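Student: I am new to this structure. Please take one part of it and go through it closely.

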Protein chains: 2
Amino acid sequence: MASLLHQIQHQGVTINATLPLDSGQVLPSVTIAWQSYGALNADRSNAVLVCHALTGDQYVASDHPGTGKPGWWARMVGPGKPIDTDRFHVICANVLGSCMGTSGPATPDAATGAPLGMAFPVITITDMVRAQAMLLDHLGIARLHAVVGGSMGGMQTLAWAATYPERLASALVIASAARHSAQNIAFHEVGRQAIMADPDWQDGQYYGSARAPTKGLAVARMAAHITYLSEEGLTEKFGRRLQARDIKSFGFDADFQVESYLRHQGLAFTDRFDANAYLYITRAMDYFDLADPHDGRLAAAFAGARDVRFTLVSFDTDWLYPTSESRRVVQALQSVGAAASFVELSAPFGHDSFLLDVPALDRLVAGALGAGF
Amino acid sequence: MASLLHQIQHQGVTINATLPLDSGQVLPSVTIAWQSYGALNADRSNAVLVCHALTGDQYVASDHPGTGKPGWWARMVGPGKPIDTDRFHVICANVLGSCMGTSGPATPDAATGAPLGMAFPVITITDMVRAQAMLLDHLGIARLHAVVGGSMGGMQTLAWAATYPERLASALVIASAARHSAQNIAFHEVGRQAIMADPDWQDGQYYGSARAPTKGLAVARMAAHITYLSEEGLTEKFGRRLQARDIKSFGFDADFQVESYLRHQGLAFTDRFDANAYLYITRAMDYFDLADPHDGRLAAAFAGARDVRFTLVSFDTDWLYPTSESRRVVQALQSVGAAASFVELSAPFGHDSFLLDVPALDRLVAGALGAGF
């Protein structure tokens, strides 16, 4: 339940400096929760920032304190792994607007002590990146060996290169895009409407009450989850197979395995995520379009990033952020003279491929980080 | 509102004969609401049955009595149109389980007079077809010149050919499939959960109350609506364009045009459709797999249909019922020696192409109905 979620203690820091936001609003201070793995070397040159996706968190390679499950990228980050913590100091921070310790809609109002709810300002992907830069300043890390991220993590990685090009040597962008498409926005809007239609949402002020919009949040997660998988993957994994009893109930129970899987995904999500955070982060993603401040010219966003080495990876079955969006970024990078390599990998899992067992991705990530180090 | 919906009077007939259902349950009698267009000829050989889609109705070529809008296929059915009512007697019946006058969850219980709600039995696509056959018996029409349908209408058309092959000369199946895929089921399950999560659903017994699950139904419609459109179509129609004020609100209003479009689609739908009917009809579609009673061999379903002339049409941008599903049907038909022609049309509108301005479809439909008449 959301109430338990907010009782978890996280490692974090409150930075008493203002954070000016794209909206024009200002956060008077910002709390950032983060985890790190591997030692920072003497000249502070081996830091790798991993940026997490929409529903991810800072527990990239350590057990989630709420669910007890392994870190969401434990297969990628660790000693001897592609992002090798024997070599790199890996930092992962919970994004601004989220619910795992960083400032977000559940943060108490400084004056009243009550959670801000919808009084928290709307934030953007670049605002998330600004908060991460404040954390790095606090940690005394001037420059990153690499910024790495999949999905929304890839958006942050691109925003890093656009906003602080001098602070990173390389950028690894996986299964991502430089803008949210109309279809991307549409799916997010369905999720937001599902949450806001739930009477337990209470205009976002549910924190003090015994109720939280778990039903709406579960529906939002179900709809989103379909977009993370490929049609072929769903067919292979579930097809039209019925549940164990193997007969149609002629009712509205979860007869098909895919139904019970989705219901489980929806329900389990509400144990580890806050509905308002889902609203804020989906909004940030929908607003994301790196070309927007440059009259639609994406290349202009990367004008200062020609010394950053870029690696982009897409998956052939990813229909959420398809290969064409990665190609568009690569073309923009090449047009400003940045070194950008691009690979489309074949994997059956759709968008979720970046989180799953794709050995070719492991090799690519290891190669992208190892180069020049 | 659903309450107004149920006050509309429809032309219909109550047939006092039992309708045995695939579930094993039996409807003691069945009411069928229908519309017809064009005159039945003397030898009763010019009848064309049009089967409607999930949220369609019998008002194929006449104004909807609730919304006042033109019939949903008025561009296709009428004097001089591809389904020419100067030549054909066109019949369209509201499907079993729906909410426009045919027996469904809003039908009163014979004993108590209260709406059945979830006590209405779960029905299948073939049950819908059985009800249509009872209507044709009542009308004295032994054999149809053609059965025509798009989307779920195409599923009924295929079920007609499988169940009553001697009663139709030709079948025209547009943007459809012989089974629901895991992804199809998944999207429907999201919609059902959105409805059933709405406290105003009240376990389906909302008819007598002042409340109806309009919020849940709107969310269900929004999610489904995305699947009816192509990604390219959404981009072309809306892209990332903002509403009239052309600035980001940094809030949760419908900033993007695609958001306000979807919200409108969701809300408008609740004025003309009943949430329980949505549950029952989506369930019928999810259960649909013509190969299921034949150990997965689709060809066996069409063993008796080798004298039916089939025309199948798919659209290249339809990701809900993609071309591959139509090809699968054509292969099954050809393997039993049935005459089956197949065309994939290019149209930008995704699944909804069958309802929209695609001149090549008009020519195909006219040709398929004219042949041999």
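Tutor: The model is predicted. A place to begin is A:Asp352, which has a relative accessibility of 15% and so counts as buried, the cut-off being under 20%. A:Asp352 sits in the chain A loop that runs between β12 (339-345) and α11 (359-370). Apart from neighbours within four places in sequence, A:Asp352 is in contact with A:His225, A:Tyr228 and A:Leu229.

A:Arg221 counts as buried because its relative accessibility is 9%. Neighbours within four places in sequence aside, A:Arg221 touches A:Thr55, A:Tyr228, A:Gln265, A:Gly266, A:Phe269 and A:Arg272.

Helix α4 (residues 182-197) of chain A packs against helix α8 (residues 275-287) of chain A at an angle of about 160°, and their axes are 10 Å apart. Because angles over 145 degrees count that way, α4(A) is roughly antiparallel to α8(A). The crossing of α4(A) past α8(A) is left-handed. By class, this contact has 7 nonpolar, 3 polar and 3 charged residues. Among them, A:Ile185 and A:His188 are on the α4(A) side, and A:Tyr278 and A:Leu279 are on the α8(A) side.

Terms used: Residues are numbered from 1 along each chain as its sequence is written. Chains are lettered from A and ligands numbered from 1 in the order in which they are written. This is a predicted model: local features need pLDDT of at least 70, side-chain atom pairs count only at pLDDT 80 or more; totals for chains, interfaces and linings use all residues. Side-chain values use heavy atoms; hydrogens and water are left out. Axes are lines fitted to C-alpha atoms, for helices over the stretch in contact, and angles run from 0 to 180 degrees between N-to-C directions. Helices (H or I, at least four residues) and strands (E, at least two) are DSSP runs, numbered from the N terminus. Angles under 35 degrees count as roughly parallel, over 145 as roughly antiparallel, 65 to 115 as roughly perpendicular and the rest as oblique. A crossing is left-handed if the near helix is turned anticlockwise from the far one by less than a right angle, and right-handed if clockwise. Contact means heavy atoms within 4.5 Å. Ala, Val, Leu, Ile, Met, Phe, Trp, Tyr, Cys and Pro count as nonpolar, Asp, Glu, Lys and Arg as charged, and the others, Gly among them, as polar. Buried means under 20% relative accessible area, exposed over 50%, partly exposed in between (1.4 Å probe, protein chains only).
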